[in-house]
Amino acid sequence: MRRVQVGIVGAGPAGLLLAHLLHRIGVETLVLEAKSRAYLETSPHRIRAGVLEWGTKEILLAAGLGERMEREGLEHRGVYLAFDGALHRVDFPTLAGGRSIWVYGQQYAVRDMIRLHLERGGEILFEHEVLGVEEPERNPVLVYRTPEGRTERVQTEFAVGADGSHSALRGLIPGARVHRRTYPFAWLGILAETRPAAEELIYASHPRGFALFSMRSPTLARNYLQVGPEERLEDWPEARIWEELALRLDGVAEVRPGPLLEKSLTPMRALVVEPMQHGRFFLIGDAAHVVPPTGAKGMNMAVADAVALFRALRAFYLEKDPTFLGSFTEEALRHVWQAEFFSYWMTTLLHTHEDPFAEGLRLAQLRHLGESPHLLSFLAENYVGLHTTGRWAETLKALA
Ligand SMILES: Cc1cc2nc3c(=O)[nH]c(=O)nc-3n(C[C@H](O)[C@H](O)[C@H](O)COP(=O)(O)OP(=O)(O)OC[C@H]3O[C@@H](n4cnc5c(N)ncnc54)[C@H](O)[C@@H]3O)c2cc1C
């Protein structure tokens with residue numbers, strides 16, 4: 001049977017970044033991905049996150065994955081909140097220690113990671129679906145199906161489930177607790193060929209519901225509408241979407257309709273798996289936790305997990321120190337719960353609630369936020385990311 005040091009299931013941001021970081025320090029990895037390369041890089045179903053935290057950008061640059069992002073991505077030094085018919089700017093550098101965010105589509109980041117990882121000798125097997133992991137605790141063997149339909153196995157020293165929010169590998173952690181929350185909203189998202197409503201993101205809270213006006217480039221707008229969890233795409237023809245977006249923007253900026261490239265519905269839910277490890281098997285990214293997209297945290301959490309597991313495996317392989325592997329869950333859950341909290345806070349603060357009492361509380365806090373630099377700093381610090389710890393800096397140094 002073939003052997004590798006670290007076997008990784010899933011070529012999303014979590015799996016690809018971990019593979020690339022380990023490959024750089026000479027640890028042999030194999031990534032098994034169920035879908036084709038073309039699907040990951042071009043399918044409209046894979047247009048997902050677009051906001052990179054300060055720390056995420058730093059890691060991608062330090063890992064040699066950020067050249068295109070720096071060239072084609074957009075640095076944003078703030079976002080707008082819109083409510084009561086006015087715009088309120090959240091200035092990141094002033095409120096969050098000089099830091100900012102980077103707008104760069106997840107699909108582009110994935111494309112860069114695949115290309116650079118393969119160019120530097122890394123291995124990814126596309127269209128290889130993992131069917132299970134045998135003996136995950138002591139001696140993990142990945143069992144997978146080849147594109148020709150054969151079932152094969154690879155012996156690993158460590159196996160990593162980075163297989164996304166519908167993870168089938170989650171169940172491999174005996175006794176794991178899965179904490180879940182379902183929010184009573186969904187997002188109707190569109191990608192359109194048109195100029196975005198503003199140069200920075202607008203989070204609009206309107207009595208008709210929440211709307212987000214964002215972008216992928218100066219000519220590609222990515223907009224979202226809060227809708228009920230039971231709504232269907234068929235009920236939202238193009239004209240209705242543009243009309244509703246304009247109503248919720250309430251005249252504070254201009255919505256310019258343009259051809260739709262994609263339209264999707266995303267339910268708002270959260271999930272945390274605890275612990276994220278069992279023996280020699282680890283979960284990272286959406287496989288271990290899901291957040292509603294309001295705080296723009298999903299991809300950033302995947303990156304933070306990959307960095308934490310990289311640090312632990314690096315200590316194990318280069319310094320023969322297994323301590324960090326033992327405490328991986330504890331370390332990862334710190335940033336996970338922080339991001340879950342921020343995503344929860346943004347979601348309940350910005351979406352309209354049916355319950356008038358909840359709605360009264362929400363509006364009271366939103367209006368206070370508009371007047372309080374302290375509350376705005378809380379938002380800004382969380383939005384640009386809280387990776388200011390010595391550990392993050394250590395990883396950056398190790399990659400230099
Ligand atoms: C529609 C949508 C919109 C989103 N919008 C945002 C947003 O605006 N902001 C934000 O921050 N986050 C957003 N997210 C979340 C963000 O995209 C995720 O948090 C991020 O993709 C997590 O990365 P990951 O590597 O953990 O998982 P994924 O990117 O899901 O990657 C997992 C990979 O594993 C593969 N896989 C699954 N099962 C197997 C198997 N058995 N064998 C082999 N391979 C397998 C999958 O094909 C996939 O390529 C959105 C997600 C979705 C679905």
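Predicted model: local features only at pLDDT ≥ 70, side-chain atom pairs only at ≥ 80, totals over all residues.
User: Why is α10 called oblique to α12?

Analyst: Good place to start! Helix α10 (residues 328-350) and helix α12 (residues 373-384) pack at an angle of about 130 degrees, with axes 11 Å apart. Roughly perpendicular covers 65 to 115 degrees and roughly antiparallel begins over 145, with the rest counted as oblique. That makes α10 oblique to α12. As for handedness, α10 passes α12 in a left-handed crossing.

User: What makes the contact between α10 and α12, and how do its residues divide into nonpolar, polar and charged?

Analyst: From α10 come Gln338, Phe341, Phe342, Trp345 and Met346, and from α12 come Phe378, Leu379, Asn382 and Tyr383. Of these residues, 7 are nonpolar, 2 are polar and none is charged.

User: How do you know whether β10 is mostly covered or uncovered?

Analyst: A residue counts as buried under 20% relative accessible area. In strand β10 (residues 141-145), 4 of the 5 residues are buried, so the strand is mostly covered.

User: How do you know that β9 and β10 pair?

Analyst: Pairing needs at least two bridges. Strand β9 (residues 129-134) and β10 have 5 bridges, in the antiparallel sense, so they qualify. Val133 stands opposite Leu142 in β10. Their hairpin has 6 residues between the strands, and Glu135 takes a positive phi near 45 degrees there.

User: What joins β10 to β11?

Analyst: Here, too, there are 5 bridges, and β10 runs antiparallel to strand β11 (residues 151-161). Val141 stands opposite Gln155 in β11. This hairpin has 5 residues between its strands, with Gly149 in the turn at a positive phi of about 95 degrees.

Note on methods
Residues numbered from 1 in each chain as written. Heavy atoms only, no water. Axes fitted to C-alpha atoms, helices over the stretch in contact; angles between N-to-C directions. Helix = DSSP H or I, 4+ residues; strand = E, 2+ residues; numbered from the N terminus. Parallel < 35°, antiparallel > 145°, perpendicular 65-115°, else oblique. Left-handed = near helix turned anticlockwise from the far one by under 90°. Contact = heavy atoms within 4.5 Å. Nonpolar A, V, L, I, M, F, W, Y, C, P; charged D, E, K, R; others polar. Buried < 20%, exposed > 50% of the residue type's maximum accessible area, 1.4 Å probe, protein only.
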